[in-house]
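Let's take a walk through this model together. Have the sequence and the 3D view open side by side, and follow along.

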Amino acid sequence: MTYVIHGATGAQGAPVVAALAAAGQSVTALTRHADAVVAGAQRVVAADYDSTEKLTEAYRGADGVFVHLPVVAEEDRRAYARNIVAAVRAARPGRVVFSTSGAPVDPGTGGAAAALAGGLAETGVSLAVITPTLYLENLLMPYVLDTIRERGALPYPIRADFPVSWASHLDIADAVVALFDRPDITGVVSVGQYPAITGPDLAAAFGAHFGKDVVFEQITPEQFRSSVAPLIGEGPAADVAGAYAAMSTLEDHSITPESSAQKLLGITPPDHRAVADRRRPLTGTCRPGN
């Protein structure tokens with residue numbers, strides 16, 4: 001079996017490559033640079049999202065493709081979504097697993113993730129759509145960790161009473177590998193901790209890890225925008241802030257048990273109140289759910 005993994009050196013793709021390699025599967029790593037070194041991959045291919053021709057060539061003959069959209073301007077994400085759909089339609093891989101990275105897939109939103117999910121479904125290729133909420137690794141950004149260390153406060157742009165089904169990139173990788181092995185499971189698969197936990201729950205966990213009192217500190221989406229802009233750019237940072245502003249109108253950000261990886265795949269993520277003990281390098285993981 002051969003699987004093609006987008007962003008194979010990034011925060012989402014690298015754990016998928018590692019998990020597939022550990023399972024003895026053949027991996028083709030898609031990167032921006034052909035000379036990139038990807039541990040666990042049998043082949044490295046330079047194929048960016050902006051070339052339908054290169055994507056088609058990479059997908060052709062694959063048993064499965066793992067895809068997610070990068071954190072760039074929404075206009076670019078829409079163009080990438082069209083290219084991915086066109087390549088899947090032409091190459092006809094055996095299976096596609098798409099991680100929304102927390103972006104909405106409701107067609108009414110009109111976003112790039114929704115367009116990609118809808119377009120992939122129309123190709124007729126076997127499809128599973130992973131829908132995480134917020135990524136645990138977002139809490140390991142320098143801005144967050146430095147504030148915890150210096151002031152004993154965990155800053156994040158959600159309400160203190162806002163439960164979230166946090167998911168790690170490692171949880172996503174587990175789900176991707178399982179879904180490649182279960183083509184009978186199609187449609188949406190929710191990945192994340194259930195029951196959902198609140199900001200103060202996470203602050204207490206950081207406090208236990210660092211051996212000090214840590215309190216949760218609600219910040220505004222604008223404050224968060226200014227903290228992540230140096231990492232991802234002003235345009236994507238503004239999109240992130242807008243998403244958190246919209247999120248503030250919701251009652252919670254919990255997964256749906258009926259469509260969860262726990263029920264569909266028998267995979268239960270660990271209790272993510274142990275977030276501080278599951279450190280991972282942060283690379284491009286600042287989008288809501290990303």
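The axes of helix 8 (residues 221–232) and helix 9 (residues 234–247) come within 8 Å and cross at roughly 150°. That angle makes helix 8 roughly antiparallel to helix 9; angles over 145 degrees count as roughly antiparallel, under 35 as roughly parallel, 65 to 115 as roughly perpendicular and the rest as oblique. Axes here are lines fitted to C-alpha atoms, for helices over the stretch in contact, and angles run from 0 to 180 degrees between N-to-C directions. Helices (H or I, at least four residues) and strands (E, at least two) are DSSP runs numbered from the N terminus.

Before going on, a word on where this comes from: the model is predicted, so local features need pLDDT of at least 70 and side-chain atom pairs count only at pLDDT 80 or more, while totals for chains, interfaces and linings use all residues. Residues are numbered from 1 along each chain as its sequence is written, and side-chain values use heavy atoms, with hydrogens and water left out.

Back to the helix pair. The crossing of helix 8 and helix 9 is right-handed, a term used if the near helix is turned clockwise from the far one by less than a right angle, with left-handed for anticlockwise. On the helix 8 side, the residues that meet helix 9 are P221, F224, R225, V228, A229 and I232. Their partners in helix 9 are E234, P236, A237, A238, V240, A241, Y244 and A245, contact being heavy atoms within 4.5 Å.

Which residues of helix 8 are buried? They are F224, R225, S227, V228, A229 and I232, where buried means under 20% relative accessible area, exposed over 50% and partly exposed in between (1.4 Å probe, protein chains only). Helix 5 (142–151), strand 7 (153–156) and helix 9 are included in what covers them. Just after helix 8 comes G233, with a positive phi of about 100°.

Seven strands form an open sheet with parallel pairing, in the order 3-2-1-4-5-6-8; two strands pair if DSSP finds at least two bridges between them. Strand 3 and strand 8 (187–191) are the edge strands, each pairing on one side only. On average, neighbouring strands of this sheet are turned by 20° against each other, direction ignored.

Look at strand 2 (residues 26–31), where five of the six residues are buried. Strand 2 pairs in the parallel sense with strand 1 (residues 2–5) over four bridges, and T2 stands opposite S26, while V4 stands opposite T28. To get from strand 1 to strand 2, the chain goes through helix 1 (residues 13–22), and this β-α-β crossover is right-handed. That term applies if, with the strands pointing away from the viewer, the path from the first strand over the helix to the second runs clockwise. Strand 2 also pairs with strand 3 (residues 43–46), in the parallel sense and over four bridges, with V44 in strand 3 as the bridge partner of A29.

Elsewhere on the sheet, helix 4 (residues 112–123) lies across strand 5 (96–99) and strand 6 (127–132), running at about 165° to strand 5.

A few backbone details are worth a stop. Most residues other than glycine have a negative phi, and most peptide bonds are trans. R92, in the loop between helix 3 (74–91) and strand 5, has a positive phi of about 55° although it is not a glycine. S101 also has a positive phi, near 60°, and sits in the loop between strand 5 and helix 4. Buried or exposed? S101 is buried, at 3% relative accessible area, whereas R92 is partly exposed at 43%. A cis peptide bond joins Y194 and P195, with omega about 0°; P195 is in the loop between strand 8 and helix 7 (199–210).

T56 lies in helix 2 (residues 52–59) and counts as buried at 9% relative accessibility. Leaving aside neighbours within four places in sequence, T56 is in contact with A87, A90 and A91. S260, in the loop between helix 9 and helix 10 (261–264), is buried with a relative accessible area of 3%. Not counting residues up to four places away in sequence, S260 touches V189, S190, I255 and L265.
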